[in-house]
Amino acid sequence: MEDLNHPLSEEEIERLDQFLLNRVDDQFITEGMDEGIFDISTLDGFLTAIASGPVTIPPSVWLPSIWGDFEPEWENEEAFSEILSLLIRHLNGIVTTLMEYPEDFEPLYLERIVENKTVLIVDEWCEGYHRGTELSPDHWRSGGKEMAALLSPILAFTAATDWKGHGKSYDVVESIQLKIAPNARQIHAYWLSRRDEIPQDELIKKREQTPVGRNDPCPCGSGKKYKKCCLH
């Protein structure tokens, strides 16, 4: 049985990144559609929010958000299992780091070279994080002003604030970016200390108001019947 707690290698991270990037044909017109997640940095932010939030989010809820309106057409069960395994292992790696070695946690940012200097690209990671919070927005808002303040440097580089973090001088932009990682660690610690106060089955019940039949396609997106997948 595969060890789902084994961290991804650099080759596996690249494999997952390429899968996300190439899962929709470039010729396809996506205007007005939810394109989901298309790179490893956005995915890393998304899974970090899931690992850090006020309620447990099951794969049947977060997988569809990764695909958006473009759920992959799997060649076979093995193809789906490979990608699902990589996703869960990356999530578990984030959880382990935040739980056991929080000081070692660092977002997986993109980079580019500008005038022979490496510049961090944080937007994709921040957009992914925000996408993760939107899976249970009411729970996140229950953190009030304290949570809003912790989320502020992350949201500053997202469409939710019209990327207001970029409308500053270089030094100010850099100072805001430097707050993202420590704030992400604090957010995880904040919700971890409050998990016992929040009903953990509320989100799942809300998503399952229309029961899935045993012979219906499994909501996790595997393409298998529910009775042979998540129900099993």
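**Exercise 1. Determine how exposed glutamine 18 is, and where it sits.**

Solution. Glutamine 18 has a relative accessible area of 30%. Buried stands for under 20% relative accessible area, exposed for over 50%, and partly exposed for what lies in between, with a 1.4 Å probe and protein chains only, so glutamine 18 is partly exposed. The residue belongs to helix α1 (residues 10-22), where helices (H or I, at least four residues) and strands (E, at least two) are DSSP runs numbered from the N terminus. Although glutamine 18 and isoleucine 40 are 22 residues apart in sequence, their C-alpha atoms are 8.4 Å apart in space.

The model is predicted, so local features need pLDDT of at least 70 and side-chain atom pairs count only at pLDDT 80 or more, while totals for chains, interfaces and linings use all residues. Residues are numbered from 1 along each chain as its sequence is written, and side-chain values use heavy atoms, with hydrogens and water left out.

**Exercise 2. Work out which elements the chain holds, and in what order they run.**

Solution. The chain has nine helices and two strands, and from the N terminus on they follow the order α-α-α-α-β-β-α-α-α-α-α. Of its 232 residues, 42% are buried. Taking a contact as heavy atoms within 4.5 Å, one finds that, among contacts between residues at least 6 apart in sequence, 68% join residues at least 24 apart.

**Exercise 3. Check the span of helix α7 and locate its buried residues.**

Solution. The 12 residues of α7 (residues 144-155) should span 16 Å at 1.5 Å a residue, and the end C-alpha atoms are 15 Å apart, which agrees. The buried residues of α7 are Met147, Leu150, Leu151, Pro153 and Ile154. They cover an arc of only 150° around the axis and therefore lie on the same side of α7, the arc being that of the directions from the helix axis to the C-beta atoms. These buried residues pack against α5 (123-133), α6 (137-141) and α8 (170-192).

**Exercise 4. Count the aromatic pairs and classify two of them.**

Solution. Rings of Phe, Tyr and Trp (its six-membered ring) pair if their centres lie within 6.5 Å, and planes under 30 degrees apart count as stacked, over 60 as edge-to-face and the rest as tilted. By this rule there are nine aromatic pairs. The rings of tryptophan 74 and phenylalanine 80 have centres 5.2 Å apart and planes at 75°, so this pair is edge-to-face. The rings of tryptophan 125 and tyrosine 129 have centres 5.3 Å apart and planes at 35°, so this pair is tilted. Tryptophan 125 and tyrosine 129 both lie in α5, four residues apart, about one turn of the helix.

Key:
The expected span of a helix is 1.5 Å times one less than its number of residues.
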